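Subject: Structure handover and notes

Dear colleague,

Please find below the structure that I said I would pass on to you. My notes on helix packing, the nonpolar cores and some backbone details follow it.

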Amino acid sequence: MPGDAGAPHAEVRLLHNGVLLAADRYLLVGQEANRKIVLSDPGIDDSRNDLLWSPERPTLLDAELRLYCDDVLVDSVRSYTALRSVAINRDRFMLNGRPYPLRLVLDQGYWPGTLMTAPSDDALRRDVELAKAMGFNGVRKHQKVEDPRYLYWADKLGLLVWGEMPSAYAFSARSMTRLIKEWTEVIERDYSHPCVIVWVPFNESWGVPNLTSTQAHRNAVEALYHLTRMLDATRPVIGNDGWEASATDILGIHDYDGDPEKLGGRYAVTDQVRTLFDQRRPGGRILTLDGFPHRGQPIVLTEFGGIAYDPNAPAGHTWGYSRAGDADAYLRLYTALLKVVNETIMFSGFCYTQFADTWQETNGLLNADRSPKVPLERISAATRNVPQQPL
């Protein structure tokens, strides 16, 4: 270009299985550049779907970025990206423009001996593989900002991830200032991972315990919701997961009723709005705050189950929301609960508690060392609500 001598240029190349999809080169002006790259549209859904990322088909595109000055290559980097969209359409969660039922498992990401640090990269990969082997298409990372290598394996192997901010112990201007700073860094760091599909800045009113009575606590949740939406307009945001919802794109409900019939009956009400949101209170909490009625957002049972089972632990030394005495009873209760949540039309998805035992919490599907409590294929069939023969 005339007048561009000495000006830097950037080149972006996208490839799929070695086939060039796009090559774009443009002049860099200022400190940053924004560019929209349009791929050729084959016009047929099957051909489009070959390039879309999903848990069932985690297609990644190779990305090459090169920096030139006077047509001399001065720097280059190789990475990957993906084509996928997440959105809310009425009462459904949408993946790549289609309703997509969420089957999530709550994962606190603790490890025996190393606490919140994985012992190896292989261990992180194995966690992703185990979640998929148990029939889940995603995880809700709970009170932990996960290692980027875990997100890499979730991208590569195909596992949805909900990103959640660890909660402050108490509400203050100082704690909120720190939370905002760190949460902003989390979003910036993990924004480009296709596996990340939802942001959750608050959980169960932790750090903002007086939402029903203190305006400053409400302001904090609403501010974090809108800040997150500003920083990332491409993903849904849950302002406060579990109950006492205000600004939110998905209504998350935590309900640990261990009776499958009662659980199913609670969410199969005739007058859903009046009965569920005004009269029934899982966890003893109202589901929506005054001034924020349910507006038709998707409803996801984001915590339930929590069945404790550990035949090797001394009585009274372990904890769970309900308890099973042997493997057969454990699988029967898990199967019954999962049948209810899979078949409840109100739910756009669910998140079972939890992935693996964590200290005294023996309500994991896996032991703390990731060994399964019952066969993985049994857990998977129950998770997906597939009929199976008794043990």
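In these notes a residue is called buried under 20% relative accessible area, exposed over 50% and partly exposed in between, with a 1.4 Å probe and protein chains only. Helices (H or I, at least four residues) and strands (E, at least two) are DSSP runs, numbered from the N terminus. The model is predicted, so local features need pLDDT of at least 70 and side-chain atom pairs count only at pLDDT 80 or more, while totals for chains, interfaces and linings use all residues. Residues are numbered from 1 along each chain as its sequence is written, and side-chain values use heavy atoms, with hydrogens and water left out.

I begin with helix α9. Seven of its eight residues are buried, so α9 is largely enclosed by the rest of the structure; the buried ones are Leu376, Arg378, Ile379, Ser380, Ala381, Ala382 and Thr383. They pack against β8 (102–107), α2, α8 and β18 (347–353), where contact means heavy atoms within 4.5 Å.

The axes of α8 and α9 (residues 376–383) come within 8 Å and cross at roughly 30°; axes here are lines fitted to C-alpha atoms, for helices over the stretch in contact, and angles run from 0 to 180 degrees between N-to-C directions. That makes α8 roughly parallel to α9, given that angles under 35 degrees count as roughly parallel, over 145 as roughly antiparallel, 65 to 115 as roughly perpendicular and the rest as oblique. On the α8 side, Leu331, Tyr334, Thr335, Leu338 and Asn342 meet Arg378, Ile379, Ala382 and Thr383 of α9. This contact comprises five nonpolar residues, three polar and one charged, where Ala, Val, Leu, Ile, Met, Phe, Trp, Tyr, Cys and Pro count as nonpolar, Asp, Glu, Lys and Arg as charged, and the others, Gly among them, as polar.

Helix α2 (residues 121–133) and helix α3 (residues 148–157) have axes that come within 9 Å and cross at roughly 45°, and the two are therefore oblique to each other. Among the residues that meet there are Leu124 and Val128 in α2 and Tyr150 and Trp153 in α3; by class, the contact has six nonpolar, no polar and six charged residues.

Turning to the cores, a nonpolar core is a set of buried Ala, Val, Leu, Ile, Met, Phe, Trp, Tyr and Cys residues joined through side-chain atoms within 4.5 Å. The largest has 88 residues, of which Leu102, Tyr150, Trp162, Leu301, Tyr334 and Leu365 touch the most other members. Helix α8 (residues 327–343) supplies the largest share of this core, eight residues. Not counting residues up to four places away in sequence, Tyr334 touches Phe136, Ile307, Tyr352, Leu365, Ile379, Ala382 and Thr383.

Finally, the backbone. Most residues other than glycine have a negative phi, and most peptide bonds are trans. The bond from Thr353 to Gln354 is cis, with omega near 0°, and Gln354 lies in the loop between β18 and α9. In that loop too is Trp359, whose phi is near 55° and which counts as exposed at 58% relative accessibility. Ser205, with a positive phi of about 65°, is buried at a relative accessible area of 3%.

Best regards
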